[in-house]
Amino acid sequence: MGRAVTVATCALNQWALDFEGNLERIFRSIDIAKSKGARYRLGPELEICGYGFVFFFFSVLYSDLRKILLIRPKISLANTGNYRELRWFTPWSKARHVEEYFLPRIIQEVTGQETVPFGDAVLATKDTCLGAEICEELWAPNSPHIEMGLDGVEIFTNSSGSHHVLRKAQARVDLVNSATAKNGGIYILANQKGCDGDRLYYDGCAMISMNGETVAQGSQFSLDDVEVLVATLDLEDVRSYRAEISSCNLAASKVNPYPRVKVNFALSCPDDIDVPTCMPIQWRHHSPEEEISLGPACWLWDYLRRSKQAGFLLPLSGGIDSSATACIVYSMCHQVCLAVKNGNADVLADARRIVNDEVYIPEDPREFCKRVFTTCYMASENSSQDTCQRAKLLAEQIGSYHINLNIDVAVKAVVGIFCVVTGQTPRFSVHGGSSRENLALQNVQARVRMVLAYLFAQLTLWARGMPGGLLVLGSANVDESLRGYLTKYDCSSADINPIGGISKTDLKNFIQYCIENFQLTALRSIMSAPPTAELEPLLDGQIAQIDEVDMGMTYAELSIYGKLRKMAKAGPYSMFCKLINMWKEICTPREVASKVKHFFRMYSVNRHKMTTLTPSYHAENYSPDDNRFDLRPFLYNTSWSWQFRCIDKQVNALCFWFGFVFKILTVGQD
């Protein structure tokens with residue numbers, strides 16, 4: 001009958017400029033697709049060069065490996081958040097227009113072609129019609145698949161480079177399914193996966209959908225460099241579905257036709273009456289806690305193996321943030337052992353190279369963790385025994401190589417130099433010192449810890465008679481970075497930070513997830529303890545410094561401020577106007593005004609710290625990352641005089657109105 005088509009899509013862990021490795025993974029995916037009977041294979045965006053290689057032309061090449069059928073340039077460029085495609089490229093703006101493109105001589109020698117079609121066209125095979133979208137075009141309000149479908153295109157393809165953000169996958173799946181729900185069709189999505197050499201993690205999720213329902217789902221997080229999905233679908237199901245939608249049939253009669261590049265090839269076979277076709281499946285989404293456990297863990301593994309280092313070092317304080325980072329490394333070890341158990345030869349080879357053992361097989365996550373993960377508790381006279389014990393117990397449960405050390409000698413030496421030079425001895429506030437003295441003494445401790453972290457990262461393995469060095473992990477969360485509640489060049493300064501784009505609220509939920517799924521009982525006491533920097537003197541051996549008191553705001557409030565500032569594009573006055581309604585049950589307008597002013601003062605005073613922020617896993621759309629996502633000044637007028645006057649004026653007006661209404665009500669009762 002010639003109705004059943006077998007198509008393949010894939011998720012590839014490509015690496016920017018790794019042309020040989022990228023090509024090997026492409027060929028491997030093609031071999032897998034062919035072995036499963038596919039007659040069409042789709043790859044992710046920029047699969048040859050890697051997405052991180054932005055100086056490359058964005059286009060889709062339809063090719064049968066010997067002949068280029070069509071070059072279809074990108075129409076909608078991604079230019080928000082992490083993407084700056086308009087900085088380098090211009091989108092194709094000639095709708096339904098095709099030109100002849102002269103191929104470079106090196107390509108001519110391979111294909112024997114001098115020119116190829118270039119432009120906004122579709123492919124017409126003997127049995128169906130295919131049209132392409134590229135990544136961002138799926139998310140655009142005027143996606144090409146709408147009019148392509150009306151013009152008779154039955155198979156839509158999307159070569160994507162879509163990165164992971166917490167809770168984003170469902171939106172992507174919904175977009176793909178909705179693309180064919182209104183007008184029928186088959187939608188094939190390919191995506192990059194893994195760390196492409198930057199802050200982003202591309203989370204796979206290759207999929208195939210038909211008539212609004214998913215028929216094949218790829219994994220969102222895995223250590224497999226190559227993943228191929230294959231589905232056999234019935235073109236008659238698309239045609240029957242469309243025949244029932246009269247409004248689409250009427251709209252199709254008015255659409256401008258696409259240029260068609262005719263291909264002497266069929267995706268189906270003549271004798272396919274007994275070929276089984278795929279049925280719809282229910283997409284299984286990860287919870288945010290699972291996403292935190294898996295996404296950053298896969299990102300860390302890619303970074304570790306590609307940097308050719310021997311493991312990680314983490315300053316483990318016994319608090320939630322550093323403990324969450326430790327749990328992500330432990331999750332990475334779980335993923336490595338699982339991948340090896342499932343026969344992943346690439347992961348096994350990488351693991352053996354990292355631990356410098358050609359016959360090693362990682363089977364126990366704790367044992368593997370001992371080999372690749374060093375944790376270090378850096379005590380001072382201001383540290384409590386509680387945090388020391390929490391760090392030690394967690395290290396024992398995850399299996400890391402744990403070091404206890406004391407930094408007091410180094411701190412006193414640094415402060416001593418200042419005392420000798422100036423003749424002045426700074427004191428903490430509890431000992432009668434000023435706020436400047438108090439902050440400076442805290443910063444010395446934090447910065448000494450950073451210096452020691454890098455020293456131990458370089459030489460710990462040497463001292464143990466082992467080769468290689470360690471990558472230093474940071475553990476500042478996205479809320480603290482936004483507020484600037486960190487010391488510049490302290491332990492937040494590291495090589496990479498797996499939690500730098502994750503909120504404190506989500507990290508707490510992740511810690512609870514680890515208690516339940518990894519049986520890490522040491523986390524219970526960490527969860528119940530108030531967050532503290534432990535940089536000020538103890539009172540009777542107990543912690544006197546609490547983070548939320550120091551910051552003048554709660555972590556829950558910080559998450560709200562962050563979303564309003566970045567995602568809602570709110571300045572001080574706009575944020576105040578939104579929050580007086582959001583918090584009307586718990587705060588007066590004057591209290592809201594005070595909170596908003598305090599946040600923007602602290603945010604603007606500390607914005608300069610974002611210029612040296614450790615490269616962090618991008619997980620939230622309100623990240624303050626100054627490198628590529630949140631491009632803003634780092635020198636502000638911290639008085640916000642005009643904005644704060646507008647807030648004060650509005651507060652006075654509201655207070656007058658509330659007072660007037662209250663007076664009227666009171667008089668009415670009299």
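**Entry 1: a hairpin**

I began at the hairpin of β12 and β13, where two residues sit between the strands and Asn 211 takes a positive phi near 50°. I am working from a predicted model here. I looked up how the two strands pair: β12 (residues 207-210) and β13 (residues 213-217) run antiparallel and are joined by four bridges. For a landmark I noted Ile 208, which stands opposite Ala 216 in β13.

**Entry 2: β5 and β6**

Next I went to strand β5 (residues 98-102), which pairs with β6 in the antiparallel sense over five bridges. Across from Glu 100 I found Pro 117 of β6. Is β6 largely enclosed or open? I checked burial: four of the five residues of β6 (residues 115-119) are buried, so the strand is largely enclosed by the rest of the structure.

**Entry 3: a parallel sheet**

I then traced an open sheet of four strands, in the order β18-β17-β16-β19, with parallel pairing. Its edge strands are β18 (401-406) and β19 (471-472), each of which pairs on one side only. I looked at the β19 edge in more detail. Strand β16 (residues 312-315) and β19 run parallel and share two bridges, and Phe 312 stands opposite Leu 471 in β19. A reminder to myself: strands of a sheet pair through backbone hydrogen bonds, either parallel or antiparallel.

**Entry 4: aromatic rings**

I moved on to the rings and got a count of 22 aromatic pairs. I picked Tyr 561 and Trp 583: their ring centres are 6.0 Å apart and their planes stand at 65°, so I logged the pair as edge-to-face; the cut-off for that label is over 60 degrees. Which parts does this pair tie together? Tyr 561 belongs to helix α19 (residues 555-566), while Trp 583 is in the loop between α20 (572-582) and α21 (589-606), so the pair links parts that are 22 residues apart in sequence.

I also checked burial for both. Tyr 561 has a relative accessible area of 0% and is buried. Trp 583, at 7% relative accessibility, counts as buried too, because the cut-off is under 20%.

**Entry 5: lysines over rings**

The charged end of Lys 504 is over the ring of Tyr 555, 4.7 Å from its centre. Lys 566 lies over the face of Phe 629, at 4.6 Å from the ring centre.

**Entry 6: one side of α20**

Which residues of α20 are buried? I listed Pro 572, Met 575, Phe 576 and Leu 579. They cover an arc of only 100° around the axis, which puts them on the same side of α20. The general rule I had in mind is that an α-helix has 3.6 residues a turn, so residues three or four places apart point the same way.

**Entry 7: Met 551**

I looked up Met 551 in helix α18 (residues 547-551). At 0% relative accessibility, Met 551 counts as buried. From Met 551 to Gly 184 I get 54 Å in space, C-alpha to C-alpha, and 367 residues in sequence.

**Entry 8: cavities**

What lines the largest cavity? I wrote down Arg 199, Gly 500, Gly 501, Leu 613, Ser 616, Tyr 617, His 618, Ser 623, Pro 624 and Asp 625.

Methods: Residues numbered from 1 in each chain as written. Predicted model: local features only at pLDDT ≥ 70, side-chain atom pairs only at ≥ 80, totals over all residues. Heavy atoms only, no water. Phe/Tyr/Trp six-rings, centres within 6.5 Å; stacked < 30°, edge-to-face > 60°. Buried < 20%, exposed > 50% of the residue type's maximum accessible area, 1.4 Å probe, protein only. Lys NZ or Arg CZ within 6 Å of the ring centre and 35° of its normal. Arc of directions from axis to C-beta. Pairing = 2+ DSSP bridges. 1 Å grid on protein atoms, 1.4 Å probe; cavity = no way out; pocket = protein on both sides within 12 Å on 5 of 7 lines; lining within 4 Å.
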